[in-house]
Amino acid sequence: MELFFNPFDNLVCILLGISFTVWFTLLLVFIIVPAIFGVSFGIRRLYMKTLLKVFEWATLRIERGIILGNICSKDEIRRSGSNKDLDSATEFELSDIFYFARRGVESIMDDEVTKRFTAEELKSWNLLTRSNYNFHYISLRLTVLWGLGLLIRYGFLLPLRVTLAFTGVGLLVFLTSVVGLLPNGRMKNFLSEKVHLMCYRICVRALTNKPKNGGICVANHTSPIDVIILASDGCYAMVGQIHGGLMGVIQRSMVKACPHIWFERSEVKDRHLVAKRLSDHVEDKSKLPILIFPEGTCINNTSVMMFKKGSFEIGATVYPVAIKYDPRFGDAFWNSSKFGMVNYLLRMMSSWAIVCSVWYLPPMSREEGEDAVQFANRVKAAIARQGGLVDLLWDGGLKRAKVKDTFKEEQQKLYSKMLVGTQEDRSRS
């Protein structure tokens, strides 16, 4: 039986073959090979400058099309007939309830904790619909520009980044498994380091005081890609819970080439076991530095919340790292209570770009007479100061847990002091 092919079908096949050949050739020449050797052609820098000019133009067009309303100023509520604030008064008056009512409304509407778990607000629009839900027709040119950007992001950037992500992860799983077959020694460590750097650099293309062996690298946490960004600049031993599925395959292949620290679900709650494994790792100067995010959850790129004290109890040298993303190009924050991992990755890969600044701070050690909590707060303050972030004492676990009774009692004592004063004030009266 003879098969007859339509000439049109042959032409489509030829065109598809040529397209895929050109696509992967461009990826290989301009992205994958430069990523392997750690070089850049300056294309990304030119792309960033072009985007900033487009955003500036779009912002000017929006400002022209919006009628500015009157801005009401908010005055501090004071007592009638008095210029003294509530906290400086000695006796309680009925008008004092306005202060507590205002503080209560502020806590409900705009508290300093809850807003750290939502996306950072932008002062200007970056032509992403999800960053301005109030977008409406302003001008024809702005609408055409938004439509063109939509085609570029989903028609070119998204396929490009998906291809690079699969390439980087595939190479990581394959090459680490091969390196894991080699006997332990300098050659295995050398090849493992080069393989990790190469694969993470490829993944970063999709989207100093460097830590030394035997130390702990701690950083603020905004996104799961924090790991990839830091690992593209140096190798680290990862710490985390053992997973199944694709993540489990990646973990098992990585640990063959490099001694990472993976815990079973039942072991995570055993603080002594976790501390012992971390301590044994940092005592071996031949092993890579540990990478830890002490906040324990992702915060929205505006602040640094309480550091868990576990990694600061070991006594090892700590290498602080500050990470700050540029929200103008795309929102890197992962709101895990609102978006799943697949949805989050889709939003990331369809953004204009993910741009961040990384600062490697001088190493810090625990001072004499300083406990683990004080040491953790000192490191946190240094990271917040360098990254221009707000330093908060609240626990990031409040994203999913209720406020502890101890925090409530502190606020109650504060208000009680304002109402009835201290023992010294009462004795004077």
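User: Before I look at details, what is the mean pLDDT of the protein, and how many of its residues reach 70 or more?

Analyst: This is a predicted model, and its mean pLDDT is 75, with 73% of the residues reaching 70 or more. Over residues 67-86 pLDDT stays under 50, and for that stretch the model has 17 contacts beyond four places in sequence.

User: OK, on to the sheet. In what order do the strands come?

Analyst: The sheet is open and has six strands, in the order E3-E2-E4-E1-E6-E7, with mixed pairing. Strand E3 (261-263) and strand E7 (356-360) stand at the edges, and because each has a single partner strand, one side of each is left without a neighbour in the sheet. Direction ignored, neighbouring strands of this sheet are turned by 25° against each other on average.

User: Which pairs are parallel or antiparallel around E1 and E6?

Analyst: E1 and E6 pair in the parallel sense over four bridges, whereas E6 and E7 pair in the antiparallel sense over five bridges. E1 also runs parallel to E4, to which three bridges join it. Further along, strand E2 (residues 237-241) pairs with strand E4 (residues 290-292), again in the parallel sense, over two bridges.

User: I'd like to find those by residue. What is the bridge partner of Ile-216 in E4?

Analyst: The partner of Ile-216 is Ile-290, and Ile-290 also stands opposite Ala-237. On the E6 side, Cys-217 stands opposite Tyr-319, and Val-218 has Pro-320 as its bridge partner.

User: Are the E1 side chains buried or exposed, and which way do they point?

Analyst: Ile-216 and Val-218 point one way from E1, while Cys-217 and Ala-219 point the other way, and all of them are buried.

User: And how many residues of E6 are buried?

Analyst: Eight of the eight residues of E6 are buried, so this strand is largely enclosed by the rest of the structure. Val-318, Pro-320, Ala-322 and Lys-324 point one way from E6, and Tyr-319, Val-321, Ile-323 and Tyr-325 point the other way.

User: Which helix lies across E6?

Analyst: Helix H11 (residues 372-387) lies across strand E1 (216-219), strand E6 (318-325) and E7, and it runs at about 35° to E6.

User: There's a lysine in that helix, Lys-380. Why does it count as buried, and what does it touch?

Analyst: Lys-380, whose place is in helix H11, counts as buried because its relative accessibility is 1%, and the cut-off for that class is under 20%. Leaving out residues up to four places away in sequence, Lys-380 touches Val-304, Met-305, Met-306, Phe-307, Asp-391, Leu-392 and Leu-393.

User: Changing topic, how many aromatic pairs does a search of the whole structure find?

Analyst: The search finds five aromatic pairs. One of them is formed by Phe-307 and Phe-312, which are stacked at 6.1 Å centre to centre with 15° between the planes. Phe-307 is buried, with a relative accessible area of 4%, and Phe-312 is buried too, at 1% relative accessibility. Trp-334 and Tyr-344 form a tilted pair, with 5.8 Å centre to centre and 40° between the planes.

User: Where do Trp-334 and Tyr-344 lie in the chain?

Analyst: Trp-334 lies in the loop between E6 and helix H10 (341-349) and Tyr-344 lies in helix H10, 10 residues apart, and the pair links distant parts of the chain. Trp-334 counts as buried at 18% relative accessibility, and Tyr-344 is buried with a relative accessible area of 3%.

User: Which residues form the aromatic cluster, and what sits over the ring of Trp-352?

Analyst: The cluster is formed by Phe-55, Phe-329 and Trp-352, and the charged end of Arg-153 sits over the ring of Trp-352, 5.6 Å from its centre. In another such arrangement, the charged end of Arg-347 sits over the ring of Phe-339, 4.3 Å from its centre.

User: Last one, where does Leu-361 lie?

Analyst: Leu-361 lies in the loop between E7 and H11, and is buried with a relative accessible area of 8%. The C-alpha atoms of Leu-361 and Tyr-319 are separated by 6.7 Å, although the two residues are 42 residues apart along the chain.

Key: Residues are numbered from 1 along each chain as its sequence is written. This is a predicted model: local features need pLDDT of at least 70, side-chain atom pairs count only at pLDDT 80 or more; totals for chains, interfaces and linings use all residues. Side-chain values use heavy atoms; hydrogens and water are left out. Two strands pair if DSSP finds at least two bridges between them. Axes are lines fitted to C-alpha atoms, for helices over the stretch in contact, and angles run from 0 to 180 degrees between N-to-C directions. Contact means heavy atoms within 4.5 Å. pLDDT is the predictor's confidence in each residue, from 0 to 100. Rings of Phe, Tyr and Trp (its six-membered ring) pair if their centres lie within 6.5 Å; planes under 30 degrees apart count as stacked, over 60 as edge-to-face and the rest as tilted. Buried means under 20% relative accessible area, exposed over 50%, partly exposed in between (1.4 Å probe, protein chains only). A charge sits over a ring if NZ of Lys or CZ of Arg is within 6 Å of the ring centre and within 35 degrees of the ring normal.
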